[in-house]
Amino acid sequence: MAAPLELSCWGGGWGLPSVHSDSLVVMAYAKFSGAPLKVNVIDNTWRGSRGDVPVLTTEDNTISQPAKILNFLRKQKYNADYELSAKQGADTLAYIALLEEKLLPAVLHTFWVESDNYFTVTKPWFASRMPFPLSLILPGRMSKGALNRILLTRGEPPLYHLREVEARIYRDAKECLNLLSNRLGTSQFFFGDMPSTLDAYVFGFLAPLYKVRFPKVQLQEHLKQLSNLCRFCDDILNSYFRLSLGGISPAGQETVDANLQKLTQLVNKESNLIEKMDDNLRQSPQLPPRKLPTLKLTPAEEESNSLQRLSP
Amino acid sequence: MCLNNICMSAFLQMCNLPIKVVCRANAEYMSPSGKVPFIHVGNQVVSELGPIVQFVKAKGHSLSDGLDEVQKAEMKAYMELVNNMLLTAELYLQWCDDATVGEITLARYGSPYPWPLNHILAYQKQWEVKRKMKAIGWGNKTLDQVLEDVDQCCQALSQRLGTQPYFFNKHLNIWKFTVHVLSKSGLENFEHYFTIMPTELDALVFGHLYTILTTQMTNDELSEKVKNYSNLLAFCRRIEQHYFGKGSSSIRLS
């Protein structure tokens, strides 16, 4: 196995492994290509950087930005596009450009600029995952960065005014969603039966829009009308991110593993006990059957307790 | 600035619409969106390729009517790819590469204005472009990385074009098809109904590649990247000869 690859990214919620588009793109690609990634979710301790998330750390270097991370994974032979033809590879680049130009501004606006959404959902969520006093500064900075990006790429000089741009970016985003829906049609993935880079990007951009509960939802409503795109997101979530469906973040995965281990030990102990009791019964004189009772209660109690802890 | 000019001229030529090109110093301020070039038709003024395509379509001329939904999606996607990669790379080279900026761009941009306006406007534009680069994540890119991106984009375009004359080779000529169906003849000679026509994507790609190939820069690496793809070169020459009627091609071979 290659050297351990660690990915630092924002955590999950609302049924997603991550609510951050870029992080989700990388996680989806890793699942599709079979890359063994150890995911470190950013929490409110001082560990890990929050600069250019997601960040891939290998033995030798750190890589940020999804495009570069995906390139690196491909060079390490984790290639999800192996089966694609040259033309399909070219189409992938084109559609990713379409996503970034047409859909991303509206997604950024929905998450970071629209005041209702930002103050009720986005800011509290991100602030809870940053230590004080970063939680006061960083969300604001991220919001400003998003606004800047929207205005600089879609606004018109010399007056960069948000209101003029809003209508246009949402119209473009809806058109982009329609185009994606037309292109996907009834297939499971964009290029046949196996997921590829384009599927990772589309999933990364659409899934947060689809799942996160916002007060102002015009783009989300539009997306929900395109049933094949919703089906696409749900399929990927169910097939590749099943464990995270209950909202257990990858860090909580470790507690789940620990619980599983404890459970396995208990079950082993219990089965040993049962074997012993069985032996005793066979060897004992023939007596009327009696309940196997009290001896079983204690391990079973512990077992049912740990089962309760596991269920979400 | 001549880049958009070429894209638009190519598009309008492809639609068989006659155009007259006029140069004005205050063109940027005459345009409704602040971008040049723009077209002035009757008492209407429309700027930027997207709205012009819509405007021309509303008047009954369209190059992409024969495409189906999936092809239209592909066309839009490739147009975004060209805007995303090629346009940004050209902007980067013009304004963020110190060698080019110092020798060519500042002088060229400020030339219509007297001192000190030429310096002020040029530096202001440079600051604006650098801000935009930073916002989209190109702020830290080196020239080599930008050239690599351009190469990737050209490779994608080259692969998509293949050996066809234009990007969307065949689309159904609705008029011919309707006439034939109405005349109730059989559906033999189906090929007859498909026309080989360029679309706005061809106009856009031609504009960008032509500009890259013919503009004088301090280093020729950008045009070298494009010249690596022979089908793209042939594509440019073909459109130049067909629509701009130049006898000998002005696109030089390496």
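1. In chain A, strand 1 (residues 5-9) and strand 2 run parallel and are joined by 5 bridges, with A:L5 having A:L37 of strand 2 of chain A as its bridge partner. The model is predicted, so that local features need pLDDT of at least 70 and side-chain atom pairs count only at pLDDT 80 or more, while totals for chains, interfaces and linings use all residues; side-chain values use heavy atoms, with hydrogens and water left out. Residues are numbered from 1 along each chain as its sequence is written, and chains are lettered from A and ligands numbered from 1 in the order in which they are written. Helices (H or I, at least four residues) and strands (E, at least two) are DSSP runs numbered from the N terminus, and two strands pair if DSSP finds at least two bridges between them.

2. The sheet to which these strands belong is open and mixed in its pairing, with 4 strands of chain A in the order 2-1-3-4. Its edges are strand 2 (37-41) and strand 4 (62-64) of chain A, each of which pairs on one side only. On average, neighbouring strands of this sheet are turned by 25 degrees against each other, direction ignored; axes here are lines fitted to C-alpha atoms, for helices over the stretch in contact, and angles run from 0 to 180 degrees between N-to-C directions.

3. Two helices of chain A pack on this sheet, where contact means heavy atoms within 4.5 Å. Helix 1 (residues 21-33) of chain A touches strand 1 and strand 2 of chain A, and its direction makes about 150 degrees with that of strand 1 of chain A. Helix 2 (residues 66-75) of chain A touches strand 1, strand 3 (55-57) and strand 4 of chain A, with its direction at about 130 degrees to that of strand 4 of chain A. In the loop between strand 4 and helix 2 of chain A lies A:Q65, a residue that has a positive phi of about 70 degrees although it is not a glycine.

4. Helix 5 (residues 134-154) and helix 6 (residues 162-184) of chain A pack at an angle of about 85 degrees, and their axes are 10 Å apart. Helix 5 of chain A is therefore roughly perpendicular to helix 6 of chain A, on a scale where angles under 35 degrees count as roughly parallel, over 145 as roughly antiparallel, 65 to 115 as roughly perpendicular and the rest as oblique. The residues that meet are A:L147, A:I150, A:L151 and A:R154 in helix 5 of chain A, and A:L162, A:V165, A:R168, A:I169 and A:D172 in helix 6 of chain A. By class, this contact has 6 nonpolar, no polar and 3 charged residues, with Ala, Val, Leu, Ile, Met, Phe, Trp, Tyr, Cys and Pro counted as nonpolar, Asp, Glu, Lys and Arg as charged, and the others, Gly among them, as polar.

5. A:D172 also meets A:K102 in a salt bridge (3.9 Å, N to O), the rule being a side-chain nitrogen of Lys or Arg within 4 Å of a carboxyl oxygen of Asp or Glu. Because A:K102 lies in helix 3 (residues 86-113) of chain A and A:D172 in helix 6 of chain A, the pair ties together parts that are 70 residues apart in sequence. Over all chains, the structure holds 12 salt bridges.

6. At the interface, 22 residues of chain B are in contact with 24 residues of chain A. The two chains bury about 2,300 Å² between them, 61% of it on carbon and sulfur atoms; buried area is the accessible area (1.4 Å probe) that two parts lose on being put together, summed over both. The rule finds 3 salt bridges across the interface of chain B and chain A, and B:K76 forms a salt bridge with A:E175, the closest N and O atoms being 3.4 Å apart.
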